[in-house]
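Please keep the sequence and the structure in view while reading.

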Amino acid sequence: MNLSQSLQTASLTDPGRVRDHNEDCIESRPDIGLYVLADGMGGYNAGEVASGMATSLISDGVQESWVGRDVARLGRDDAKALSERLIREQIARANSAIFTTSQNNPECAGMGTTLVVCLFFDNFLTVAHIGDSRLYRLRGEAMEQVTRDHSLLQEQLDSGLITPEEAKLSQNKNLVTRALGIDPTVEPEVHVYETEPDDVYILCSDGLSDMVEDEEIRLTLITLRTNPTLTVAQLVQAANDNGGRDNISAMLVRVAEPFGVPRGWLARLKALFG
């Protein structure tokens, strides 16, 4: 199973038109199907410390523990359970490191970051998120927001206090109710989803989702479906054209072909001597 052949990917991050530095951070490990996006916050430049720590610590930790050949020997349900547990462990490790750094360094006080982590394996996707950075999925021509924002605005929507139309004009767009590194512990939301050939997944910071309507994102994904590099460039450009009020990050993963793990006696034999 060669994930870099099965998954077409592209990533782009941009400071936007207003901010003088970029507190978003992205990291990908295509060989193991791992994609991590973080949108930092707090203090002068401290946000980029938090997002940088999050992406590097989680990526390194997963890469070290998620050994494809070993995981392939597990049953599919066991592999799913392991992916969830491992991602939770690495998020907890990163949270502790960021929190400790913020406590011990006055210039980093109060720093934190949102987070989206995606791990692709054996025709499934494990997703963890904290805060209001998002994962969208285009399947056919239907686009769905896979993650649910941990934000005051989302809570107001859920409780019926405001309508979706009012939400677009709200001043509370950037008030997250959960972030990595703010408290000694944090609870990520983790789910596992089945993938299908030609699915397109887009991880993004709120600098994209606040600036570009979902329908425009959907049409861009459909129109440029087979060109991930052009897709992320177009989405970032659209966010800048609409004001670029925040840092903008997008990571795209298209399932070009199935990436199932071969099973059965022949596969075990190959694994034994491979």
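## Basis for the strand pairing

Two strands are taken to pair if DSSP finds at least two bridges between them. The model discussed here is predicted, and the pairings below should be read with that in mind.

## Strand 3 and its partners

Strand 2 (residues 24–29) pairs with strand 3 in the antiparallel sense over six bridges, and within this pairing Arg 29 has Leu 34 of strand 3 as its bridge partner. The two strands form a hairpin with four residues between them, and Gly 33 in the turn has a positive phi of about 75°.

Strand 3 also runs antiparallel to strand 5 (residues 115–121), to which four bridges join it, with Leu 34 standing opposite Leu 119 of strand 5. A further antiparallel pairing, made of two bridges, joins strand 3 to strand 4 (residues 112–113), where Thr 113 is the bridge partner of Gly 40.

Strand 3 (residues 34–41) is largely enclosed by the rest of the structure, because seven of its eight residues are buried, that is, under 20% relative accessible area.

## The second largest pocket

The second largest pocket has a volume of about 550 Å³. Of the 19 residues that line it, Arg 134, Lys 168, Lys 173, Ser 209 and Asp 214 are the closest to its centre. Helix 5 (152–158), helix 6 (164–168) and helix 7 (206–209) are the elements that give two or more residues to this lining.

Divided by class, the lining of the second largest pocket consists of nine charged, six nonpolar and four polar residues.

Key. Residues numbered from 1 in each chain as written. Predicted model: local features only at pLDDT ≥ 70, side-chain atom pairs only at ≥ 80, totals over all residues. Heavy atoms only, no water. 1 Å grid on protein atoms, 1.4 Å probe; cavity = no way out; pocket = protein on both sides within 12 Å on 5 of 7 lines; lining within 4 Å. Points joined across faces, edges and corners; volume = space filled by probe spheres on them. Nonpolar A, V, L, I, M, F, W, Y, C, P; charged D, E, K, R; others polar. Buried < 20%, exposed > 50% of the residue type's maximum accessible area, 1.4 Å probe, protein only.
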